[in-house]
Amino acid sequence: MTDTALVAVLLAAVAGGLAGGAWVAGRRKAAERQRPAFRSSPHYTEGLHCLATGQLDTAIHELGKVLRDHPNAVEVQQVLSHLYREVGQVERAIELHRSLLARRDLTRAERAHALASLGTDYRKAGLLDRAGQAYADALDVEPRNLHALAGQQKLHEEQRQWREAHAIQTRLARMRKSDDGLVLGFLQAEMGAEALRAGDRDAAEAAFRTALSLDRRVFPAHLALADLWLGRDPRRAAQILEDAIATAPERAYLAFEGLQRAYAGCGEPSRFAALCERLVGQDPRDWRARLALACQLRTEGRAGEALGLLLRALEANPHVLLVHLEVWRTLRALGKLGPDEQRYVATVEESALYVDPHICTACRYRADDMLWRCPHCHEWNTFVEERVGPAAGAR
């Protein structure tokens, strides 16, 4: 290759490199021009950080600054309105969503989402008719909008319209390609309870069986089905409840009363004591099985044995009043209480006290009884027994 040709090749390489660099720089500048300006704000970054760490009030403060500087930031307006709703400022959330819907530059997806969010605002505020209309408007804009369908389903649940809720939940499961058997099962159980209240035992039984075919963990379906059979065939009722306990042993105590009646109907009351002993063997911290067995022993005149079980139950869960009440009754049966103590126990027995704490694992809502649907976060099957160990230094 001649010197002239070599110089030409080098010049071409340099020119190509310069052209490539200019192209990359141009692409970078174009991307920067297309990037929404609000995302460069330090308040936006800080707001996202606070949102991710659960500091909702601070997130609202930071994103509010972003929206003041960039009032057309749809994304920020949507997030901020949701945050207002989460902290209980529903009126401000409604105001933001209405302001957003007044804009003419929203895409179809953005408008549908804003309408569905407005529906949730109205639902949280107790304006159920307006909520239903907002969800319907969202589905008119985008018929397959998951946010609107999920809100509509919750609205039906809150109005105890179980069939409508079940139909929408089925549709959602198909669209999401998810297994929603547990929720669908609980909705079927509610439909069964509704049929039972209307006096239609056959429809009720069919609904309870459908619930269990969807998910065996739908415990109220087991309980209701056993109750239907208790008068006709106590042995079958006992089998239903035993199957329920095998499926969800942590819920066993909910079946104790029904099992005692079923075993008594079979003429085999001793089976209940055997069941409790088996549950204690499986889980030594099962204070409920010990409590139930102690109650039965006391009624049979075996108060001394009952007291030993109760003291072990107290070790497992010393904060529940139910165990303490039974200890007092057992001590009374043993003749260990004087007149003043007996009068005190009688007064406590007639009082309404916090006796059986349960807690929602989704939102930490507390209740005295087992609830199948949380009244706060509206999730199904989230309540569990709240266990608190002895206080530090108590020993």
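Which residues form one aromatic cluster? Here they are Trp162, Phe186, Phe219, Trp372 and Trp380. Before going further, keep in mind that this is a predicted model, where local features need pLDDT of at least 70, side-chain atom pairs count only at pLDDT 80 or more, and totals for chains, interfaces and linings use all residues. Residues are numbered from 1 along each chain as its sequence is written, and side-chain values use heavy atoms, with hydrogens and water left out.

Let's stay with the rings. Rings of Phe, Tyr and Trp (for Trp, the six-membered ring) pair if their centres lie within 6.5 Å; planes under 30 degrees apart count as stacked, over 60 as edge-to-face and the rest as tilted. By that rule there are 6 aromatic pairs. Take Phe186 and Trp372: their centres are 5.9 Å apart with 35 degrees between the planes, a tilted pair. This one ties together distant parts of the chain, since Phe186 sits in helix α10 and Trp372 in the loop between β2 (366–367) and β3 (383–385), 186 residues apart. Helices here are DSSP runs (H or I, at least four residues), as are strands (E, at least two), numbered from the N terminus. Both Phe186 and Trp372 are buried, meaning under 20% relative accessible area, while exposed is over 50% and partly exposed lies in between (1.4 Å probe, protein chains only).

Phe256 and Phe272 make an edge-to-face pair, 5.5 Å centre to centre with 85 degrees between the planes. Phe256 belongs to helix α14 (residues 256–266) and Phe272 to helix α15 (residues 270–282), 16 residues apart. Phe256 and Phe272 are buried too.

Now back to α10 and its partner. The axes of α10 (residues 181–197) and α11 (residues 201–214) come within 8 Å and cross at roughly 170 degrees. Such axes are lines fitted to C-alpha atoms, for helices over the stretch in contact, with angles from 0 to 180 degrees between N-to-C directions. That makes α10 roughly antiparallel to α11; the label goes to angles over 145 degrees, with under 35 roughly parallel, 65 to 115 roughly perpendicular and the rest oblique.

Another pair of helices is worth a look: the axes of α3 (residues 56–69) and α4 (residues 74–86) come within 10 Å and cross at roughly 150 degrees. So α3 is roughly antiparallel to α4. Their contact includes Leu63 of α3 and Tyr84 of α4.

Terms used: Contact means heavy atoms within 4.5 Å.
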